[in-house]
Amino acid sequence: MTTPHKISLAGSGRRTQAGFTLVELITVILILGVLAAVALPRFADLQGKAREAKVKAIAGSMRASVGLIKASAMANAVSCATATGTSVSVEGLSVALNHCYPQALGGFGTGILGAANVTAADGWTIVGGAAAVGSLLTINLSDAATPANCSIAYTSAADAVTPPVLVTTVSGC
């Protein structure tokens with residue numbers, strides 16, 4: 001008796017599937033959409049937070065400068081009872097003083113702005129400032145949505161026992 005011949009189906013025209021089905025593609029797109037909807041609000045206001053951090057960093061630099069200038073003045077035996085007309089030299093910069101604290105001068109490279117190394121290149125605009133005791137100097141961050149709401153206000157020392165006042169505003173950065 002002879003054995004029947006087996007017919008092989010290999011190479012008979014069957015094709016293997018390559019790629020993704022429409023359902024798989026739609027599922028991936030939906031998952032990506034949900035992830036984007038959750039993640040996007042977290043990253044939307046990064047510029048505002050960066051501007052806020054910049055204001056706080058410069059304010060910290062100004063606070064540190066006030067302490068450094070006061071210590072330098074005292075180390076150099078500057079009379080803190082003198083309201084204006086005195087100065088102290090720190091790293092080659094002459095800083096004008098009001099009662100041993102930096103003046104609120106309205107120019108970059110002088111007074112508190114010079115002591116804290118704040119420059120126009122950093123994106124700040126100056127409002128006010130003077131050599132007189134108790135003068136108010138405000139610097140606004142130019143690229144903020146509302147520059148006046150993204151600012152630092154420095155009021156120079158009123159007398160020998162009252163240090164300068166530094167106020168930051170970050171409600172519109």
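## Ground rules

Two strands count as paired if DSSP finds at least two bridges between them. Helices (H or I, at least four residues) and strands (E, at least two) are DSSP runs, numbered from the N terminus.

This is a predicted model, in which local features need pLDDT of at least 70 and side-chain atom pairs count only at pLDDT 80 or more, while totals for chains, interfaces and linings use all residues. Residues are numbered from 1 along each chain as its sequence is written, and side-chain values use heavy atoms, with hydrogens and water left out.

## The four-stranded sheet

Let's start with the open sheet: its 4 strands follow the order β4-β5-β6-β7, and their pairing is antiparallel. β4 (124-128) and β7 (165-169) each have a single partner strand because they stand at the edges, so one side of each lacks a neighbour in the sheet. From one strand to the next, the twist averages 15°.

Now look at β6 (residues 151-155), which runs antiparallel to β7 and is joined to it by 5 bridges. Y154, for example, has L166 in β7 as its bridge partner. Helix α2 (residues 46-75) packs on this sheet and touches β4, β5 (136-141), β6 and β7; here contact means heavy atoms within 4.5 Å. The direction of α2 makes about 20° with that of β6, where axes are lines fitted to C-alpha atoms, for helices over the stretch in contact, and angles run from 0 to 180 degrees between N-to-C directions.

## Two hairpins

β1 (residues 86-90) and β2 (residues 93-98) pair antiparallel over 5 bridges, with S89 partnered by S94 in β2. These strands form a hairpin with 2 residues between them, and E91 in the turn has a positive phi of about 50°.

β2 is also joined to β3 (residues 101-102) by 2 bridges, again antiparallel. In this hairpin, 2 residues lie between the strands, and H99 in the turn has a positive phi of about 55°.
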